[in-house]
Each structure stands twice: as structure tokens, then as C-alpha cells.
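Please look over the sequence and the fold below before reading on.

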Amino acid sequence: MPFTFPVSSRFGPQPADPVGDLFSVLSRGDIISFAGGIPDGALFAFDDLRSSFEHVLAHQARRALQYGATPGEPELREAAAALVARDLPTTPDQIQVTSGSQEGIYLAAQALLSPGDVVLVEEPTYLAAVQAFMLGGARLVGVEADAEGMLPDALASAIAEHGAKVVYLIPTFANPSGKTMGRQRREQIAAVLLGTDVALIEDDPYGRLRFSGEPVAPIAALPGMAERTILLNSMSKVMAPGLRIGWMRVEGALRQILGIAKSAVTLQSPALNQLAVAHYLTHHDLDAHIASVVGPYRERRDALHAGLMAMLPATASVTRPDGGMFCWVRLGDDTDTAQLLPIAVEEGVAFVPGWSFYAADPDRSTMRLSYATNSPEMIAEGLRRLASALGR
């Protein structure tokens with residue numbers, strides 16, 4: 001009989017990946033995509049990035065092309081610590097470099113979770129985090145949320161009921177909802193966690209892409225929270241995702257455990273990219289670059305939000321985020337957006353159905369739309385096509 005590879009129970013069943021399934025469709029030139037959560041490549045700081053890579057190859061080539069330290073190159077850890085320290089005192093030895101924040105989520109899951117452990121997540125939450133936790137054998141439990149995110153009372157009840165090991169949150173410009181927790185809500189969440197032995201994985205890939213409202217420090221910056229939080233940051237959304245550079249801020253003995261996990265998975269993140277990013281952060285102006293991109297993103301957010309509000313029925317709701325890359329739509333009727341998607345593709349537009357962002361009991365009338373890569377004119381045409389699909 002034919003050979004069949006034995007597959008660990010940790011690998012199944014896994015949630016579907018509608019974003020991955022859309023890639024073949026999005027390669028068609030006639031599709032206007034609201035699906036991918038990716039920055040606009042036309043806005044990258046090409047000249048500054050090129051000069052940083054050229055500097056590294058001219059002056060540090062042997063080191064950049066050689067194996068490096070698992071925690072990360074010292075220059076990048078120092079530059080990362082300086083960025084994080086704007087909100088939370090941080091030293092370079094509290095930084096573990098990762099290949100994007102996605103690897104950080106996976107490493108945190110490997111370090112903190114055993115099969116059967118419970119992870120509490122906001123409903124809805126980031127699809128690839130759900131996949132990483134489930135791959136580790138965790139059981140995900142969704143916690144009720146409102147317009148500001150996870151409800152503290154619901155969190156306390158879920159911890160008491162399920163004996164949770166970890167809470168995973170994206171408090172600022174959440175993927176997929178676009179929501180942001182205010183300071184008071186963050187303090188309430190912290191108060192709940194401080195009365196337990198539950199750890200926090202705080203994911204912050206979008207926090208610097210703010211268009212409006214006042215910045216809010218991460219939950220990890222609140223008294224008592226730094227020691228129980230793995231704080232994830234990434235250069236993917238603010239510089240370029242192809243760099244695959246992010247980091248974790250972590251204290252105590254967990255640093256060594258995460259280092260072992262990192263060594264087992266990738267040994268190190270590419271030294272060339274680390275050194276180039278470090279050079280960029282110390283010789284160019286990241287804040288000025290971010291300021292140059294938030295204007296176009298704000299304009300596109302406004303176009304998408306206003307267009308959706310004008311075309312959707314009165315039963316629908318649409319988030320208007322203060323930053324990040326996503327609007328979250330709840331049609332509030334019996335429309336199943338998973339069934340709507342192929343009709344929309346026929347009309348020449350794509351989005352991500354919302355059901356896949358839920359740990360359980362999904363609202364199937366929801367969908368995620370990104371405004372990041374389309375001009376206001378393209379957004380208007382995409383919404384015209386979406387309206388046609390809804391009409392069918």
C-alpha cells in the first residue's frame with residue numbers, strides 16, 4: 001500500500017486561509033483588491049533603504065552575509081530598544097529579533113503553550129494568530145468585544161471559566177476590525193490580568209500608522225504589565241514587509257526560552273536585513289517617512305469609509321479606524337459574505353470574508369476591506385463593483 005506520512009494532531013484541523021486562497025485570484029489584472037493587508041509599495045522609502053543596504057555591503061559585507069547571533073544583531077537590538085523605549089523603558093537585551101511579527105506570534109505560542117492550553121482572543125481577531133496558536137495545539141476561546149475592543153468583564157469571566165494561559169490582543173488599529181482601545185480600557189484589561197497568572201501577547205504592527213486621535217501607550221507600559229507581556233513590533237507596515245524584520249520585547253527567564261525557540265525555527269533572522277534596518281533607523285528619519293505615508297492612507301480610509309456608508313443598507317455598520325489598514329463591515333442581515341465573495345470576484349472586486357477571523361460562532365455577514373493600496377478613484381470603482389455583487 002502507498003506510504004502516508006504520519007501527521008501530528010497539532011496540525012489539524014486548521015482554520016481555512018481565505019487570504020491565501022485569494023492569491024491566485026488577485027494575480028488577475030482585472031481585480032480591484034480590498035483583500036490584502038499590505039502597504040502600498042509606491043510609498044516605500046526606496047532611496048533611503050537602498051543607501052542603507054549599500055552601506056552595509058560596502059562596510060560590513062562579511063558579517064552581513066555570515067551567520068549571526070540568535071537574539072539579533074547588536075545594532076538592531078539597540079535601535080529597536082530605542083523605539084520601544086518611547087513608550088516603555090527597554091534595554092537591548094530585552095529585544096529578540098524576529099522575521100516579522102508573525103514569527104514572534106509563533107515563537108510565543110511555542111514558548112508559552114502546551115496542547116490543550118486556552119488562549120483568549122478578541123472576537124474577531126487576526127487570522128494568522130489563530131493559525132499559529134492552533135498549530136501549537138491550543139484551544140482558542142473568543143471573548144466579547146465592543147467598539148473599543150475586548151470587554152474587561154467578559155475577559156474576567158472567560159479566565160475564570162476556562163483557566164486561560166494566554167490572552168492575545170492587538171489593542172491599536174486591530175486586524176481585522178480597525179478598533180483601538182482607549183487608555184481607560186487598557187487599564188481595565190491590565191487590572192483583570194494583574195489579578196491572575198495569565199500572560200499577555202500584545203501585537204502592535206500598525207501602531208505608528210496613526211491618522212487621527214491621540215497616541216496611546218501599549219498595555220505593556222502600564223504598571224506591572226511589562227514583566228507578563230510579550231510585546232511584538234514589526235517594520236513590515238512602516239518600512240517594507242519584504243525586509244521580514246520585527247522583534248519581541250520580553251523580560252525575565254522567558255527571554256532564554258524564546259531564544260531557544262528562535263534558534264530551533266530559523267537560527268537567526270537575516271543579518272544583512274538586520275544591519276540595513278539598523279542603519280536606516282540610525283541614519284534616516286523613520287518618523288518623517290511615516291508622516292509622508294499617513295496622508296495618503298488617511299485619504300484612502302476616508303474614501304473607503306464614506307463610500308461604504310453611502311452604498312450599504314441601514315442595517316450595516318462600518319468601522320472608521322484612526323490608523324492602520326482596515327475597515328470592518330457588518331452587514332447585519334442574512335448575507336453570507338463567503339458566498340458573496342465569488343460573485344464579487346465575477347464583478348472584478350475582492351475582499352476577505354469575516355467568518356475566518358472568529359475563534360467560534362462567526363458573524364457570517366462580516367467582511368474585512370483594506371484601503372491601503374488603492375487610490376480614492378480605484379476605491380470608488382471597487383465599491384461600484386461590490387454594490388453590483390450585493391445587488392445580485
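What follows starts at a strand and ends at a pocket.

This is a predicted model, in which local features need pLDDT of at least 70 and side-chain atom pairs count only at pLDDT 80 or more, while totals for chains, interfaces and linings use all residues. Residues are numbered from 1 along each chain as its sequence is written, and side-chain values use heavy atoms, with hydrogens and water left out.

In β8, 6 of the 6 residues are buried (under 20% relative accessible area; exposed is over 50%, partly exposed in between, with a 1.4 Å probe and protein chains only). In a regular strand, side chains alternate between the two faces of the sheet. On one side of β8 are Ala199, Ile201 and Asp203, on the other Leu200, Glu202 and Asp204, and both faces are covered.

Strand β8 has a parallel partner in β7, residues 166-169, joined to it by 4 bridges (strands pair if DSSP finds at least two bridges between them). A further 5 bridges join β8 to β9, residues 229-234, also in parallel. Glu202 of β8 stands opposite Leu169 and also opposite Leu231 in β9. Together with helix α8, residues 183-194, strands β7 and β8 form a right-handed β-α-β unit (with the strands pointing away from the viewer, the path from the first strand over the helix to the second runs clockwise).

Leu169 leads on to a cavity. Together with Glu122, Pro124, Thr125, Tyr168, Ile170, Ala174 and Asn175, Leu169 lines the second largest cavity (on a 1 Å grid over the protein atoms alone, a set of points where a 1.4 Å probe fits but cannot get out; a pocket is an open set with protein on both sides within 12 Å along at least five of seven lines, and lining residues have an atom within 4 Å of a point). This cavity holds about 40 Å³ of space (grid points are joined across faces, edges and corners, and a volume is the space filled by probe spheres set on the points).

Of its 24 lining residues, Asp87, Asp204, Gly207, Arg208 and Pro215 are the closest to its centre. Helix α4 (74-84), β9 and α11 (286-311) each supply at least two lining residues.
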